[in-house]
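User: Hi! I'd like to learn how to read a few features of a protein model, starting with the strands. Could you walk me through them?

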Amino acid sequence: DNNCLVILGGPFATCMFKEILENRDFIDAVVCGDGEIAINEIINKKPFSEINNLAYRKGKKIFINKQTPIDLNSVPFPDRNFIDLNVYFKNFRKYYPNSKFKRPTTSYSQKGCLWYEKTGGCIFCGRINKYKTINAEKFWREINYLQKVYKVDYVFDQADSFTQNKEWLKELVRLKPQNINVKFRIWTRSDQIDEEVAEMLSNLGVHDVFLGIESGDAKCLSAFQKGTTLQQNITAIKILKKFGINVYAQFVFGSPGETEESLKHSVEYAKKLIRIGNIETLGCTIMLPLPGSKSWEMIKQKTKIAESDIF
């Protein structure tokens, strides 16, 4: 339908807006970076030239407007009335029949990664957001709403690392309402886990953490530029176990220099972690050169992949 606008957004489109708009004439614009305000202005028919965080085509020329990060506290939390959460609850129970949780959903307390801003991040990570948080009062207002309206009992917070801002974490603990009984899954880094942080997580109701182990081989872990060590992973898992917090341990295979021997090291390391900690789940994935990541740049130097908008 020629009367329909086609808008893309998200991390991949942000990193490849130029290639997309050059190669796909049916795509009218790309929202780059934070899209909450931009997409609202598009819906309300504001001229493309006046919308921040927007790349668009005019004739054959491509324009990119001013990039402006949003204040997360200035926008409302998502209105979930547009979807039927019961479908998600049902699917969760189908795939996790042994879970004690029945009504899960997600929250998004922080955008961005301080490790990325400090170092350029892990080589497999394609970040597009500057670090920002919602305040503790707003966080609990949303959790209270989810518990009261949807009877949610389990929330997976999508912050890149829930524990990267200790002062924010302290404020979250201080302002936690007494009526909140929701449990949480969070993402974290092993170098951010000490006993003070683990105690705060326990007080917040964190049931399990998603911990990026990445590799059980020291050289491969270093090649990922993760900034953590094998010993830090072990120490973090021991501390989390002390406070009754389970761990989803995630591995990434295929780092620069990966060999059959280094893969064996990861297998043995995973067995070791199971012996010493509350490892609820082991996960693994193959490293993908995501657009915007250091590994993407490495691939671009050796192939013609940069000439395409297909990933």
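Analyst: Happy to! Keep in mind that this model is predicted. Let's begin with a pair of strands: β1 and β2 (residues 29–31) run parallel and are joined by two bridges. Within that pairing, Ile7 has Ala29 of β2 as its bridge partner.

User: What holds strands together in general, and in which order do the four strands of this open sheet come?

Analyst: Strands in a sheet pair through backbone hydrogen bonds, and the pairing can be parallel or antiparallel. Here the order is β1-β2-β3-β4, in an open sheet with mixed pairing. β1 (7–8) and β4 (61–64) are the edge strands with a single partner each, so one side of each has no neighbour in the sheet.

User: Now the charged residues, please. How many salt bridges does the structure hold?

Analyst: The general idea is that side chains of opposite charge can pair when their charged atoms come close. This structure holds 19 salt bridges. In one of them, Glu196 meets Lys166, with 3.2 Å from N to O. Glu196 belongs to helix α8 (residues 195–204) and Lys166 to helix α7 (residues 166–174), so this pair, 30 residues apart, links distant parts of the chain.

User: How far apart along helix α7 are Glu167 and Lys170?

Analyst: They are three residues apart, which means about one helical turn separates them. Their salt bridge has its closest N and O atoms 3.4 Å apart. Glu167 is exposed at 54%, while Lys170 is partly exposed at 33%.

Arg174 and Glu171 are likewise three residues apart in helix α7, about one turn, and their closest N and O atoms lie 2.8 Å apart in a salt bridge. Through shared partners, salt bridges also join Lys166, Glu167, Lys170, Asp194 and Glu196 into one network.

User: And the surface: which residues form the nonpolar patch?

Analyst: Phe82, Ile83, Val87 and Tyr88 do, with about 470 Å² of accessible area together. Ile83 sits in the loop between β4 and α4 (85–95), and its 42% relative accessibility makes it partly exposed.

User: Last one: what lines the largest pocket?

Analyst: The lining has 36 residues, with Phe124, Cys125, Arg127, Asp160 and Trp187 nearest the centre. The pocket's volume is about 890 Å³. β10 gives the largest share of the lining, three residues.

How values were computed
Residues are numbered from 1 along each chain as its sequence is written. This is a predicted model: local features need pLDDT of at least 70, side-chain atom pairs count only at pLDDT 80 or more; totals for chains, interfaces and linings use all residues. Side-chain values use heavy atoms; hydrogens and water are left out. Two strands pair if DSSP finds at least two bridges between them. Patches are made of residues with over 30% relative accessible area and no salt bridge: like charges are joined within 9 Å, nonpolar side chains (Val, Leu, Ile, Met, Phe, Trp, Tyr) within 5 Å. Accessible areas come from the Shrake-Rupley method with a 1.4 Å probe; for residues, only the protein chains shown count as cover. A salt bridge is a side-chain nitrogen of Lys or Arg within 4 Å of a carboxyl oxygen of Asp or Glu. Buried means under 20% relative accessible area, exposed over 50%, partly exposed in between (1.4 Å probe, protein chains only). On a 1 Å grid over the protein atoms alone, a cavity is a set of points where a 1.4 Å probe fits but cannot get out, and a pocket is an open set with protein on both sides within 12 Å along at least five of seven lines; lining residues have an atom within 4 Å of a point. Grid points are joined across faces, edges and corners, and a volume is the space filled by probe spheres set on the points.
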